[in-house]
Amino acid sequence: MALTETHRYDDIIDLPHHVSRRHPQMSRHNRAAQFMPFAALTGYEQVIEQTAKNAETAIARAEAQGDDDFGA
């Protein structure tokens with residue numbers, strides 16, 4: 001598929017940006033919130049940190065008991 005130059009929007013490209021009379025503009029904060037891709041993962045970082053701490057504790061216990069293969 002070759003890139004070809006099109007002129008489909010030449011008639012509207014220089015028009016001023018539309019501002020609604022009915023609906024107020026959304027604040028930057030609210031607009032940014034719409035595009036936060038990982039908002040659903042609230043608390044995920046804490047789970048990862050806790051898992052890392054648990055793994056470190058398990059490794060320390062295994063080393064203290066003289067287990068060098070760590071279950072491998």
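Mentor: Residues are numbered from 1 along the chain as its sequence is written, and side-chain values use heavy atoms, without hydrogens and water. In this predicted model, local features need pLDDT of at least 70 and side-chain atom pairs pLDDT 80 or more, while totals for chains, interfaces and linings use all residues.

Trainee: Why is Y9 called exposed?

Mentor: Exposed means over 50% relative accessible area, buried under 20%, and partly exposed in between, with a 1.4 Å probe and protein chains only. Y9 has a relative accessible area of 52%, so Y9 is exposed. Y9 sits in the segment before α1 (28-34).

Trainee: What makes E5 exposed?

Mentor: The relative accessible area of E5 is 68%, and therefore E5 counts as exposed. E5 also lies in the segment before α1.

Trainee: How do you know that the span of α2 agrees with its length?

Mentor: Helices are DSSP runs of H or I with at least four residues, and strands are E runs of at least two. The expected span is 1.5 Å times one less than the number of residues. Helix α2 (residues 44-64) has 21 residues and should span 30 Å; its end C-alpha atoms are 30 Å apart, so the two agree.
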